[in-house]
Amino acid sequence: MFRTTAALAALLLAAQPVIATERTTYINPLDIDYRYNFEQMNEKISYRTGADPVIVLHKGTYYLFQTLADGYWKSDDLIQWDFVTPSRWPFESIVAPAVISDGETLYIMQSHTRVSGLLKSTDPASGKLDFWVRRTPPVPTAVGEGEEYKIQPDQVQPSPWDPGLFIDDDGKWYMYWGSSNVYPIYGIEMTPEPFAYKDKPNKFIWLDPDKHGWERFGQDHSGTLANGTPIKPFTEGAWMNKVNGKYYLQYGAPGTEYNVYGNGVYVGDNPLGPFTYADYNPVAYKPGGFMEGAGHGSTFQDKYGNYWNTGTPWIGYNWTFERRIDMMPAKFYNDGQMAVSARFADFPQYMPTAKIDDPDALFTGWMLLSYRKKAVASSVQGEFTPDRTTDEDPRTFWLAGSAKPGETLTVDLGAAKTVRAVQVNYTDYKSGIYEDRPGIYTEFKLESSLDGKTWTPLADTGEEKRDRPNAYFELPAAVKARYIRYVHGHIAAPNLAISDLRVFGSADGAAPVKPTGLKVARDADQRQARISWNPVKGAVGYNVRWGIKPDRLTLTYQKWADEGTAFDLRALNVGVGYYVAVEAFNESGVSVLSEVVRLP
């Protein structure tokens, strides 16, 4: 039961009940009950985490696996995800899993560098897992764990870490793996039952940051850590897809700890290569906005034949590897180019119920109404003020004076707006939780008001006792409101901290005018270019869009208007020509795309 003060309880009782509705939209990061991580419990660093997602369609149901979850999720529609507690699970849990379905059995392989037991299931919806193999054989030519210093040119590192599994049309199985800033992505043919590897590993992908700008590590590909220390980029997260007779070997780079984590592909005519670097890389890339980062995931088809790419956005407040999960629509063009749409990927998107051709068409058009808006709270601790909940930064947050029921956070949209959806994003601040246990659930209500005095129920978490660190509510109908209020009920942690209360809809005005004055200049270092344009009056932000064809601007960097109208794009490939354009957006819509300018 939702707990509140007596006065507030009376007010809510007198109000009309919230009407439930079937959701047709979703938002990134995904709204699932991310689990608490145990890795840093000795250091007393507590946080929810999600990373390295794999989504597989098996017998009409979607299954989501990720790093360190002690279980997995199932869904019928890619919107509502229910956690499945398995009958057995490795004591050390599972990191960066490979999961595949042969139509009858779901096979699960965790990252490992020593003999390991693997799991499978013919009924994963029930949680009943059986052993696939009790003791895996060693990968041929792999050195032992901790013996990299002994490695010879014809050997491979301890394996397989970050594995990916693939079944070809002829029924043959393959495994791909690798996670290193020294060693490449590997691949080998295998058999599932009996479990065995065939021949020796093939070596496929080494990063080449001197030619591929997006493969440089650090914030905006600076090549350094936050303290200025140079660092070599990492390649990891192998995944294979076969589309129209071509084999797409996907990999993540340059590292999960900054905003530029993305996915790229090498393409070949055979499952063991040779493979050629795709000059349109990266394919999945989201360095700007609320949700930053899109690397290390999977590519899968839904029930209607649409492609999706999953990845790992970065949070990084409590720990370097504090992360979440995203899912973005993908497409393979007739000429073979793979693309993933990150345009407005952390705004509400429609979930398709049929085959679609244009992934960008899934954007609802519901705009962000809460950016930099005034926020007030019932209480505050220290410097963690409520204005941080509207800055679109997951690493800043409001900290309430207590986690007791009845604490409130109110955002003033500045005027009456049409509200269509709300996302509430929590932060773990000294949470002290390192495992699943009773009482880990999220409970709160949302209310709306036109005058800040009379409040109407907007949405609530309902009777379900589920944790929702990135809770998303699609409203059953549009609501006119100036004020949106969060009313706290319950969290498991001792501190109530919210990073962002994001409100979506429309200001019911005109979209911005078309941007003008676009200038592009490639540096002597071809991996980067200077992009600038004239400010657009009333714009909240801009999408800088680029690609290798003027009618195929597949990549997006979202910039806020208060960040200026010039920046260095550092994700380019040497020797590849590009085309660039800019669109502006405000609280009412998106402008016409600017002229498309060639970047030689």
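**Close-up views of a predicted model**

**View 1. Asp-412 and its partner Arg-482.** The side chains of Asp-412 and Arg-482 make a polar contact at 2.8 Å. The model shown here is predicted. Asp-412 belongs to strand β29, which spans residues 408-426. Asp-412 has 15% relative accessibility, so it counts as buried; the cut-off is under 20%. Beyond its neighbours within four places in sequence, Asp-412 touches Lys-373, Lys-374, Arg-482 and Tyr-483. Val-265 lies elsewhere: 147 residues from Asp-412 in sequence, and 44 Å away from C-alpha to C-alpha.

**View 2. Trp-177 with Tyr-186.** The model holds 45 aromatic pairs. One of them joins Trp-177 and Tyr-186.

**View 3. Tyr-258 with Trp-314.** This aromatic pair is tilted because the planes of Tyr-258 and Trp-314 stand at 40°, with 5.7 Å between ring centres. Tyr-258 sits in the loop between β17 (246-253) and β18 (262-268), while Trp-314 is in strand β22 (residues 307-314), so the pair ties together parts 56 residues apart in sequence. Tyr-258 is buried, at 11% relative accessible area. Trp-314 is buried too, at 12%.

**View 4. An aromatic cluster.** One cluster brings together Phe-344, Phe-347, Phe-363, Tyr-371, Phe-504, Trp-560 and Phe-585.

**View 5. Arginines over phenylalanine rings.** Arg-35 places its charged end over the ring of Phe-83, 3.6 Å from the ring centre. Arg-134 lies over the face of Phe-131, with 3.9 Å to the ring centre.

Note on methods: Residues numbered from 1 in each chain as written. Predicted model: local features only at pLDDT ≥ 70, side-chain atom pairs only at ≥ 80, totals over all residues. Heavy atoms only, no water. Helix = DSSP H or I, 4+ residues; strand = E, 2+ residues; numbered from the N terminus. Buried < 20%, exposed > 50% of the residue type's maximum accessible area, 1.4 Å probe, protein only. Contact = heavy atoms within 4.5 Å. Polar contact = N/O pair within 3.5 Å; in protein donor to acceptor, adjacent residues only side chain to side chain. Phe/Tyr/Trp six-rings, centres within 6.5 Å; stacked < 30°, edge-to-face > 60°. Lys NZ or Arg CZ within 6 Å of the ring centre and 35° of its normal.
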